[in-house]
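Look over the sequence and the model before reading on.

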Amino acid sequence: MGDFVFTSESVSPGHPDKLADQISDAVVDAAFAGAGDDDGKRAGVRVACETLIKDGKIVVAGEMRPLMNGAELQKIAAGVVRRVGYDRSGEVFNADSFEFFNWMGEQSGEIAQGVDGEGESAGAGDQGLMFGYACDETPSLMPLPLDLAHRLMRRHGEMRAELAWLRPDAKSQVTVRYENDRPVAAEAVVLSAQHDAEVAGVSEAGKRHAVVREAVTERIIAPVLAEAGLSLPAAEKIHVNPTGAFVQGGPEADCGLTGRKIVVDTYGGAAPHGGGAFSGKDPTKVDRSAAYVARYLAKNIVAAGLARKCLVQIAYAIGEAQPVSLYVETYGGGDGAAIEKRVRGLCADGGRRFDLTPAGVIRLLDLRRAIYEKTAVYGHFGSNPHGEGFPWERTDLAGDLR
(Lines give C-alpha, C1' and ligand atoms only; values in the text may rest on other atoms or scores of the structure.)
Protein backbone atom coordinates (compact mmCIF):
# COMPACT_ATOMS: atom_id res chain seq x y z
CA MET A 1 0.00 0.00 0.00
CA GLY A 2 3.04 2.32 0.20
CA ASP A 3 2.89 5.49 2.32
CA PHE A 4 -0.30 6.52 4.11
CA VAL A 5 -1.82 7.45 7.47
CA PHE A 6 -4.43 5.38 9.29
CA THR A 7 -6.58 6.19 12.32
CA SER A 8 -8.34 4.06 14.94
CA GLU A 9 -10.25 4.92 18.11
CA SER A 10 -11.09 3.39 21.47
CA VAL A 11 -13.37 4.32 24.35
CA SER A 12 -13.17 3.95 28.12
CA PRO A 13 -15.28 1.58 30.25
CA GLY A 14 -17.29 4.65 31.31
CA HIS A 15 -18.35 5.54 27.78
CA PRO A 16 -22.15 5.03 27.65
CA ASP A 17 -22.03 2.47 24.83
CA LYS A 18 -19.26 0.52 26.56
CA LEU A 19 -21.16 0.64 29.83
CA ALA A 20 -24.11 -0.93 28.01
CA ASP A 21 -21.83 -3.62 26.55
CA GLN A 22 -20.49 -4.47 30.00
CA ILE A 23 -23.96 -4.81 31.51
CA SER A 24 -25.07 -7.07 28.67
CA ASP A 25 -21.99 -9.26 29.06
CA ALA A 26 -22.35 -9.34 32.85
CA VAL A 27 -25.79 -10.86 32.25
CA VAL A 28 -24.18 -13.55 30.06
CA ASP A 29 -21.61 -14.23 32.80
CA ALA A 30 -24.32 -14.48 35.46
CA ALA A 31 -26.20 -17.01 33.35
CA PHE A 32 -23.13 -19.25 33.07
CA ALA A 33 -22.19 -18.73 36.72
CA GLY A 34 -25.72 -19.74 37.71
CA ALA A 35 -25.30 -23.03 35.85
CA GLY A 36 -22.32 -23.91 38.05
CA ASP A 37 -20.12 -26.82 36.94
CA ASP A 38 -22.94 -28.78 35.33
CA ASP A 39 -21.99 -29.14 31.64
CA GLY A 40 -25.56 -29.94 30.68
CA LYS A 41 -26.89 -26.80 32.33
CA ARG A 42 -24.16 -24.65 30.80
CA ALA A 43 -24.94 -26.10 27.38
CA GLY A 44 -28.54 -24.99 27.80
CA VAL A 45 -27.73 -21.35 28.59
CA ARG A 46 -29.04 -18.92 25.99
CA VAL A 47 -28.66 -15.15 26.22
CA ALA A 48 -29.27 -12.28 23.82
CA CYS A 49 -29.29 -9.19 26.02
CA GLU A 50 -29.40 -5.59 24.84
CA THR A 51 -28.90 -2.69 27.24
CA LEU A 52 -29.98 0.94 26.80
CA ILE A 53 -28.86 3.67 29.19
CA LYS A 54 -29.86 7.33 29.38
CA ASP A 55 -29.85 9.82 32.25
CA GLY A 56 -30.97 7.87 35.33
CA LYS A 57 -32.55 4.94 33.46
CA ILE A 58 -31.32 1.50 32.43
CA VAL A 59 -33.30 -0.84 30.16
CA VAL A 60 -32.37 -4.48 29.51
CA ALA A 61 -34.25 -6.27 26.74
CA GLY A 62 -33.91 -9.54 24.89
CA GLU A 63 -34.16 -13.25 25.46
CA MET A 64 -32.54 -15.70 27.85
CA ARG A 65 -32.79 -19.20 29.25
CA PRO A 66 -33.05 -19.77 32.14
CA LEU A 67 -34.83 -16.46 32.65
CA MET A 68 -33.65 -14.22 35.52
CA ASN A 69 -36.02 -12.02 37.44
CA GLY A 70 -35.85 -8.24 37.40
CA ALA A 71 -34.27 -7.95 40.84
CA GLU A 72 -31.35 -10.17 39.80
CA LEU A 73 -30.82 -8.23 36.60
CA GLN A 74 -30.97 -4.88 38.37
CA LYS A 75 -28.33 -6.06 40.87
CA ILE A 76 -26.07 -7.09 37.98
CA ALA A 77 -26.47 -3.71 36.31
CA ALA A 78 -25.80 -1.82 39.54
CA GLY A 79 -22.62 -3.80 40.12
CA VAL A 80 -21.26 -2.89 36.70
CA VAL A 81 -22.16 0.79 37.08
CA ARG A 82 -20.40 0.93 40.44
CA ARG A 83 -17.27 -0.86 39.18
CA VAL A 84 -16.97 1.55 36.28
CA GLY A 85 -17.05 4.53 38.65
CA TYR A 86 -20.51 6.10 38.48
CA ASP A 87 -20.82 5.92 42.24
CA ARG A 88 -21.36 9.51 43.40
CA SER A 89 -24.69 10.06 45.10
CA GLY A 90 -26.62 13.05 43.86
CA GLU A 91 -25.44 12.73 40.27
CA VAL A 92 -28.04 12.22 37.52
CA PHE A 93 -26.63 8.75 36.82
CA ASN A 94 -25.23 6.65 39.63
CA ALA A 95 -25.21 3.04 40.83
CA ASP A 96 -27.63 3.57 43.72
CA SER A 97 -30.55 5.47 42.24
CA PHE A 98 -31.21 4.55 38.60
CA GLU A 99 -34.65 3.54 37.34
CA PHE A 100 -34.60 -0.02 35.97
CA PHE A 101 -36.73 -1.58 33.22
CA ASN A 102 -36.66 -5.33 32.57
CA TRP A 103 -37.86 -6.47 29.14
CA MET A 104 -36.20 -9.88 29.02
CA GLY A 105 -38.19 -12.89 27.80
CA GLU A 106 -37.74 -16.48 26.63
CA GLN A 107 -35.90 -17.47 23.44
CA SER A 108 -38.08 -18.15 20.40
CA GLY A 109 -38.98 -21.83 20.06
CA GLU A 110 -38.39 -21.65 16.32
CA ILE A 111 -34.83 -20.47 16.87
CA ALA A 112 -34.26 -22.99 19.67
CA GLN A 113 -35.22 -25.97 17.52
CA GLY A 114 -32.35 -25.20 15.14
CA VAL A 115 -29.76 -24.52 17.83
CA ASP A 116 -30.45 -27.09 20.53
CA GLY A 117 -29.16 -30.17 18.69
CA GLU A 118 -26.84 -32.73 20.22
CA GLY A 119 -23.08 -32.15 19.93
CA GLU A 120 -21.82 -31.37 16.44
CA SER A 121 -25.38 -31.32 15.07
CA ALA A 122 -26.15 -28.13 16.98
CA GLY A 123 -26.73 -25.41 14.43
CA ALA A 124 -25.64 -21.79 14.32
CA GLY A 125 -27.85 -19.39 16.26
CA ASP A 126 -28.17 -17.10 13.25
CA GLN A 127 -26.90 -16.59 9.75
CA GLY A 128 -24.02 -14.23 9.23
CA LEU A 129 -20.47 -13.60 8.11
CA MET A 130 -17.63 -13.03 10.55
CA PHE A 131 -14.07 -11.81 10.11
CA GLY A 132 -10.83 -12.39 11.95
CA TYR A 133 -7.63 -10.43 11.37
CA ALA A 134 -4.03 -10.33 12.52
CA CYS A 135 -0.88 -8.46 11.49
CA ASP A 136 2.71 -8.27 12.68
CA GLU A 137 2.67 -4.58 13.68
CA THR A 138 2.57 -5.29 17.44
CA PRO A 139 3.50 -8.19 19.77
CA SER A 140 -0.22 -8.97 20.15
CA LEU A 141 -0.51 -9.15 16.33
CA MET A 142 -2.98 -6.27 16.27
CA PRO A 143 -2.94 -3.07 14.17
CA LEU A 144 -0.78 -0.44 15.85
CA PRO A 145 -3.29 2.48 15.71
CA LEU A 146 -5.93 0.46 17.58
CA ASP A 147 -3.40 -1.02 19.98
CA LEU A 148 -2.25 2.49 20.94
CA ALA A 149 -5.84 3.75 21.27
CA HIS A 150 -6.67 0.89 23.65
CA ARG A 151 -3.48 1.50 25.63
CA LEU A 152 -4.42 5.15 26.08
CA MET A 153 -7.79 4.12 27.55
CA ARG A 154 -6.18 1.60 29.88
CA ARG A 155 -3.72 4.25 31.01
CA HIS A 156 -6.61 6.68 31.51
CA GLY A 157 -8.27 4.14 33.81
CA GLU A 158 -5.06 3.68 35.80
CA MET A 159 -4.57 7.43 36.18
CA ARG A 160 -8.03 7.91 37.69
CA ALA A 161 -6.56 6.64 40.95
CA GLU A 162 -3.95 9.44 40.88
CA LEU A 163 -5.85 12.24 39.14
CA ALA A 164 -9.00 12.26 41.24
CA TRP A 165 -10.66 14.82 38.99
CA LEU A 166 -10.79 12.39 36.05
CA ARG A 167 -14.25 10.91 35.56
CA PRO A 168 -15.15 7.59 33.87
CA ASP A 169 -16.11 8.76 30.36
CA ALA A 170 -13.31 9.09 27.79
CA LYS A 171 -12.39 8.50 24.15
CA SER A 172 -9.06 8.17 22.34
CA GLN A 173 -8.03 8.29 18.71
CA VAL A 174 -4.59 7.68 17.21
CA THR A 175 -3.34 8.40 13.68
CA VAL A 176 -0.25 6.45 12.64
CA ARG A 177 1.95 7.26 9.65
CA TYR A 178 3.07 4.32 7.52
CA GLU A 179 5.99 4.18 5.11
CA ASN A 180 6.38 1.20 2.78
CA ASP A 181 3.39 -0.32 4.54
CA ARG A 182 5.14 -0.24 7.94
CA PRO A 183 4.16 2.02 10.89
CA VAL A 184 6.83 4.63 11.63
CA ALA A 185 5.32 7.45 13.72
CA ALA A 186 2.32 8.70 15.68
CA GLU A 187 0.98 11.45 13.43
CA ALA A 188 -1.82 12.73 15.72
CA VAL A 189 -3.54 11.87 19.00
CA VAL A 190 -7.01 12.85 20.22
CA LEU A 191 -8.02 12.20 23.82
CA SER A 192 -11.23 13.49 25.35
CA ALA A 193 -11.46 12.92 29.11
CA GLN A 194 -14.42 13.78 31.32
CA HIS A 195 -13.38 15.77 34.39
CA ASP A 196 -14.77 17.48 37.47
CA ALA A 197 -15.93 21.09 37.36
CA GLU A 198 -12.87 21.91 39.48
CA VAL A 199 -9.52 20.44 38.45
CA ALA A 200 -6.59 20.67 40.85
CA GLY A 201 -8.20 23.70 42.50
CA VAL A 202 -8.91 25.43 39.17
CA SER A 203 -12.46 26.07 37.97
CA GLU A 204 -12.04 28.95 35.47
CA ALA A 205 -12.62 27.34 32.06
CA GLY A 206 -9.54 28.47 30.17
CA LYS A 207 -7.07 27.79 32.96
CA ARG A 208 -8.79 24.49 33.79
CA HIS A 209 -8.43 23.31 30.20
CA ALA A 210 -4.71 24.09 30.28
CA VAL A 211 -4.32 22.00 33.44
CA VAL A 212 -6.24 19.09 31.91
CA ARG A 213 -4.29 19.26 28.66
CA GLU A 214 -0.93 19.26 30.41
CA ALA A 215 -1.83 16.40 32.76
CA VAL A 216 -3.37 14.21 30.06
CA THR A 217 -0.46 14.78 27.68
CA GLU A 218 2.28 14.17 30.25
CA ARG A 219 0.63 11.45 32.36
CA ILE A 220 -1.34 9.49 29.76
CA ILE A 221 -0.30 10.15 26.16
CA ALA A 222 3.49 10.52 26.52
CA PRO A 223 4.05 7.32 28.57
CA VAL A 224 1.95 5.19 26.20
CA LEU A 225 3.78 6.40 23.10
CA ALA A 226 7.17 6.08 24.81
CA GLU A 227 6.40 2.48 25.77
CA ALA A 228 5.69 1.80 22.09
CA GLY A 229 8.97 3.45 21.09
CA LEU A 230 7.24 6.46 19.53
CA SER A 231 7.69 10.21 20.01
CA LEU A 232 4.90 12.64 20.73
CA PRO A 233 3.39 14.31 17.66
CA ALA A 234 3.79 18.04 17.21
CA ALA A 235 1.89 20.00 19.88
CA GLU A 236 -0.74 21.18 17.41
CA LYS A 237 -1.51 17.54 16.59
CA ILE A 238 -2.22 16.57 20.20
CA HIS A 239 -5.89 17.27 20.78
CA VAL A 240 -6.98 17.04 24.44
CA ASN A 241 -10.65 17.86 25.03
CA PRO A 242 -10.84 19.86 21.78
CA THR A 243 -14.12 21.55 22.77
CA GLY A 244 -12.47 22.93 25.92
CA ALA A 245 -14.63 21.41 28.67
CA PHE A 246 -15.89 17.88 29.32
CA VAL A 247 -17.71 18.05 32.66
CA GLN A 248 -21.05 16.59 31.64
CA GLY A 249 -20.43 13.05 30.44
CA GLY A 250 -21.57 9.46 30.65
CA PRO A 251 -25.26 8.60 30.26
CA GLU A 252 -26.21 12.09 31.46
CA ALA A 253 -24.77 13.50 28.23
CA ASP A 254 -25.22 10.63 25.74
CA CYS A 255 -27.42 7.59 25.33
CA GLY A 256 -25.61 4.25 25.58
CA LEU A 257 -26.61 1.13 23.65
CA THR A 258 -25.15 -2.36 23.36
CA GLY A 259 -23.30 -3.10 20.14
CA ARG A 260 -22.52 0.39 18.87
CA LYS A 261 -18.74 0.09 19.21
CA ILE A 262 -18.15 -2.93 16.98
CA VAL A 263 -15.11 -1.42 15.24
CA VAL A 264 -13.54 -0.54 18.61
CA ASP A 265 -14.25 -4.12 19.67
CA THR A 266 -12.48 -5.62 16.64
CA TYR A 267 -9.69 -4.17 14.48
CA GLY A 268 -10.17 -0.42 14.46
CA GLY A 269 -11.27 -0.36 10.84
CA ALA A 270 -8.16 -2.14 9.54
CA ALA A 271 -10.28 -5.15 8.51
CA PRO A 272 -13.88 -5.67 7.38
CA HIS A 273 -16.64 -6.30 9.89
CA GLY A 274 -19.58 -8.63 9.34
CA GLY A 275 -21.95 -6.27 11.17
CA GLY A 276 -22.88 -8.37 14.19
CA ALA A 277 -22.05 -7.16 17.70
CA PHE A 278 -20.55 -9.47 20.33
CA SER A 279 -21.68 -8.29 23.75
CA GLY A 280 -24.77 -9.76 25.36
CA LYS A 281 -24.66 -12.97 23.31
CA ASP A 282 -23.96 -16.51 24.46
CA PRO A 283 -21.49 -18.47 22.26
CA THR A 284 -24.15 -20.32 20.24
CA LYS A 285 -24.50 -16.95 18.51
CA VAL A 286 -21.86 -17.21 15.79
CA ASP A 287 -21.65 -13.41 15.61
CA ARG A 288 -19.48 -13.88 18.67
CA SER A 289 -17.97 -17.36 18.64
CA ALA A 290 -17.12 -17.47 14.92
CA ALA A 291 -15.49 -14.03 15.12
CA TYR A 292 -13.36 -15.37 17.96
CA VAL A 293 -12.29 -18.49 16.05
CA ALA A 294 -11.64 -16.42 12.91
CA ARG A 295 -9.25 -14.26 14.96
CA TYR A 296 -7.68 -17.46 16.34
CA LEU A 297 -7.02 -18.74 12.83
CA ALA A 298 -5.74 -15.40 11.49
CA LYS A 299 -3.44 -14.91 14.48
CA ASN A 300 -1.99 -18.40 14.17
CA ILE A 301 -1.38 -17.95 10.46
CA VAL A 302 0.63 -14.78 11.17
CA ALA A 303 2.33 -16.33 14.21
CA ALA A 304 3.40 -19.25 12.00
CA GLY A 305 5.17 -16.80 9.67
CA LEU A 306 2.92 -17.68 6.74
CA ALA A 307 1.86 -14.06 6.18
CA ARG A 308 2.57 -10.58 7.57
CA LYS A 309 -1.15 -9.91 7.78
CA CYS A 310 -4.12 -12.18 7.35
CA LEU A 311 -7.90 -11.92 7.06
CA VAL A 312 -10.20 -14.91 7.65
CA GLN A 313 -13.91 -14.90 6.81
CA ILE A 314 -16.36 -17.58 7.99
CA ALA A 315 -20.09 -17.63 7.17
CA TYR A 316 -23.00 -19.68 8.55
CA ALA A 317 -26.67 -20.39 7.95
CA ILE A 318 -29.07 -20.39 10.90
CA GLY A 319 -29.67 -23.88 12.22
CA GLU A 320 -26.84 -25.39 10.16
CA ALA A 321 -23.73 -26.73 11.89
CA GLN A 322 -21.09 -26.53 9.15
CA PRO A 323 -20.07 -23.10 7.86
CA VAL A 324 -21.23 -22.30 4.34
CA SER A 325 -17.87 -20.71 3.48
CA LEU A 326 -14.29 -20.20 4.61
CA TYR A 327 -11.96 -17.63 3.04
CA VAL A 328 -8.33 -16.72 3.77
CA GLU A 329 -6.68 -13.53 2.46
CA THR A 330 -2.96 -12.84 2.94
CA TYR A 331 -2.70 -9.58 0.95
CA GLY A 332 -0.10 -10.98 -1.41
CA GLY A 333 2.21 -11.94 1.43
CA GLY A 334 1.46 -15.67 1.44
CA ASP A 335 -0.40 -18.40 -0.42
CA GLY A 336 -3.94 -17.85 0.85
CA ALA A 337 -5.37 -20.77 -1.13
CA ALA A 338 -2.77 -23.19 0.26
CA ILE A 339 -3.32 -21.93 3.81
CA GLU A 340 -7.09 -22.27 3.43
CA LYS A 341 -6.59 -25.84 2.19
CA ARG A 342 -4.43 -26.57 5.23
CA VAL A 343 -7.04 -25.18 7.60
CA ARG A 344 -9.76 -27.25 5.93
CA GLY A 345 -7.53 -30.31 6.19
CA LEU A 346 -7.06 -29.84 9.93
CA CYS A 347 -10.82 -29.48 10.33
CA ALA A 348 -11.57 -32.54 8.21
CA ASP A 349 -8.98 -34.81 9.83
CA GLY A 350 -11.53 -36.20 12.24
CA GLY A 351 -11.55 -32.84 13.95
CA ARG A 352 -8.05 -33.73 15.17
CA ARG A 353 -7.37 -30.25 16.42
CA PHE A 354 -10.66 -28.43 15.93
CA ASP A 355 -13.69 -28.03 13.71
CA LEU A 356 -15.71 -25.00 12.73
CA THR A 357 -19.16 -26.15 13.82
CA PRO A 358 -20.61 -23.97 16.61
CA ALA A 359 -20.15 -26.86 19.06
CA GLY A 360 -16.58 -27.42 17.88
CA VAL A 361 -15.69 -23.75 18.27
CA ILE A 362 -17.25 -23.60 21.74
CA ARG A 363 -15.26 -26.67 22.77
CA LEU A 364 -11.99 -25.46 21.22
CA LEU A 365 -12.11 -22.07 22.92
CA ASP A 366 -13.88 -23.19 26.11
CA LEU A 367 -16.58 -20.55 25.67
CA ARG A 368 -19.20 -21.77 28.16
CA ARG A 369 -17.67 -19.79 31.02
CA ALA A 370 -18.22 -16.50 32.81
CA ILE A 371 -15.49 -14.60 30.90
CA TYR A 372 -17.47 -12.09 28.88
CA GLU A 373 -17.68 -8.90 30.93
CA LYS A 374 -13.88 -8.73 30.67
CA THR A 375 -14.10 -8.74 26.86
CA ALA A 376 -16.37 -5.70 26.78
CA VAL A 377 -13.59 -3.13 27.38
CA TYR A 378 -10.34 -2.38 25.53
CA GLY A 379 -11.26 -4.68 22.64
CA HIS A 380 -12.06 -8.37 22.34
CA PHE A 381 -8.73 -9.10 20.65
CA GLY A 382 -5.08 -8.46 21.38
CA SER A 383 -3.45 -8.09 24.77
CA ASN A 384 -5.75 -8.76 27.69
CA PRO A 385 -5.24 -6.32 30.59
CA HIS A 386 -7.09 -8.63 32.99
CA GLY A 387 -4.34 -11.24 33.30
CA GLU A 388 -4.78 -14.60 31.66
CA GLY A 389 -5.15 -14.29 27.91
CA PHE A 390 -8.42 -15.00 26.15
CA PRO A 391 -8.35 -18.49 24.57
CA TRP A 392 -8.77 -17.16 21.03
CA GLU A 393 -5.46 -15.32 21.49
CA ARG A 394 -3.47 -18.55 21.80
CA THR A 395 -0.97 -19.41 19.06
CA ASP A 396 -0.91 -23.17 19.68
CA LEU A 397 -2.08 -23.95 16.14
CA ALA A 398 0.91 -22.23 14.48
CA GLY A 399 3.04 -25.39 14.40
CA ASP A 400 0.36 -27.45 12.64
CA LEU A 401 -0.25 -24.70 10.11
CA ARG A 402 3.45 -24.26 9.47
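The notes below cover the helix, its surroundings and the sheet.

This is a predicted model: local features need pLDDT of at least 70, side-chain atom pairs count only at pLDDT 80 or more, and totals for chains, interfaces and linings use all residues. Residues are numbered from 1 along each chain as its sequence is written, and side-chain values use heavy atoms, with hydrogens and water left out.

**Helix α6**
- Helix α6 spans residues 205-227, 23 residues in total. Helices are DSSP runs of H or I, at least four residues, and strands are runs of E, at least two, numbered from the N terminus.
- From first C-alpha to last, α6 reaches 32 Å, close to the 33 Å expected at 1.5 Å a residue.
- α6 bends by about 35° at Thr217 (the angle between axes fitted to the seven residues ending there and the seven starting there).
- At the N-terminal end, Glu204 caps α6, with a side-chain oxygen 3.2 Å from the backbone nitrogen of Gly206.
- Just after α6, Gly229 has a positive phi of about 75°.

**Burial of α6**
- Buried residues (under 20% relative accessible area, 1.4 Å probe, protein chains only) include Arg208, Val212, Thr217 and Leu225.
- Their cover includes α5 (144-159), β6 (166-179), β7 (182-195) and β8 (238-240).

**Sheet β5-β10-β11**
- 3 strands form this open sheet, with antiparallel pairing. Strands pair if DSSP finds at least two bridges between them.
- β5 (128-135) and β11 (325-329) are the edge strands.
- β5 pairs with β10 (residues 309-316) over 8 bridges; Gly132 has Val312 as its bridge partner in β10.

Methods: The expected span of a helix is 1.5 Å times one less than its number of residues. Buried means under 20% relative accessible area, exposed over 50%, partly exposed in between (1.4 Å probe, protein chains only). Contact means heavy atoms within 4.5 Å. A polar contact is a pair of N or O atoms within 3.5 Å; within protein, one must be able to donate a hydrogen and the other to accept it, and residues adjacent in sequence count only if both atoms are side-chain atoms.
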